[in-house]
Amino acid sequence: QVHLVESGGGLVQAGGSLRLSCAASGSIFRINAMGWYRQAPGKQRELVAAITSGGSTTYADYAQGRFTISRDNTKNTIYLQMNNLKPEDTAVYYCIRYNSGTYYYPPNGDWGQGTQVTVSS
């Protein structure tokens, strides 16, 4: 059984930075695409960024240039470095392990429980 644990969320002022981590267990980590989604109150869950098993990445338009997704297969962990955070980035951020080596929509895989990110103005 796959187990995903997110960490690194918190409260930060606008313009600040956070780094989220998602540690995975229970699977052969390196063969799966991984990603980050987020969900703000009253809104649909949306893609933030994803990374394939080979390291190719994709970003939502709002994340491009501010966020960076990366993976460390030796630690079974992915990261989301978020810079220049804005109040509209406030959301619960979820990690996903795709059931494939690449990412796709709608997403199909295992989800973490989420970590709250709050950006104050």
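User: What makes cysteine 95 count as buried?

Analyst: Buried means under 20% relative accessible area, exposed over 50%, partly exposed in between (1.4 Å probe, protein chains only). Cysteine 95 comes out at 0%, so it counts as buried. This is a predicted model, where local features need pLDDT of at least 70, side-chain atom pairs count only at pLDDT 80 or more, and totals for chains, interfaces and linings use all residues. Residues are numbered from 1 along each chain as its sequence is written, and side-chain values use heavy atoms, with hydrogens and water left out.

User: Which cysteine does cysteine 95 join in a disulfide?

Analyst: Cysteine 22, with an S to S distance of 2.1 Å. The cut-off for a disulfide is a pair of cysteine sulfur atoms within 2.5 Å, so this pair qualifies. Cysteine 22 is also buried, at 0% relative accessibility.

User: Why is the pair of tyrosine 37 and tryptophan 111 called edge-to-face?

Analyst: Rings of Phe, Tyr and Trp (its six-membered ring) pair if their centres lie within 6.5 Å; planes under 30 degrees apart count as stacked, over 60 as edge-to-face and the rest as tilted. Here the centres are 5.2 Å apart and the planes sit at 75°, so edge-to-face it is. Tyrosine 37 is buried at 4%, while tryptophan 111 is partly exposed at 33%.

User: How do you know that arginine 45 lies over the face of tryptophan 111?

Analyst: The test wants NZ of Lys or CZ of Arg within 6 Å of the ring centre and within 35 degrees of the ring normal. Arginine 45 is 4.6 Å from the ring centre of tryptophan 111 and lies over its face. Arginine 45 also lies over the face of tyrosine 94, at 3.7 Å from that ring centre.
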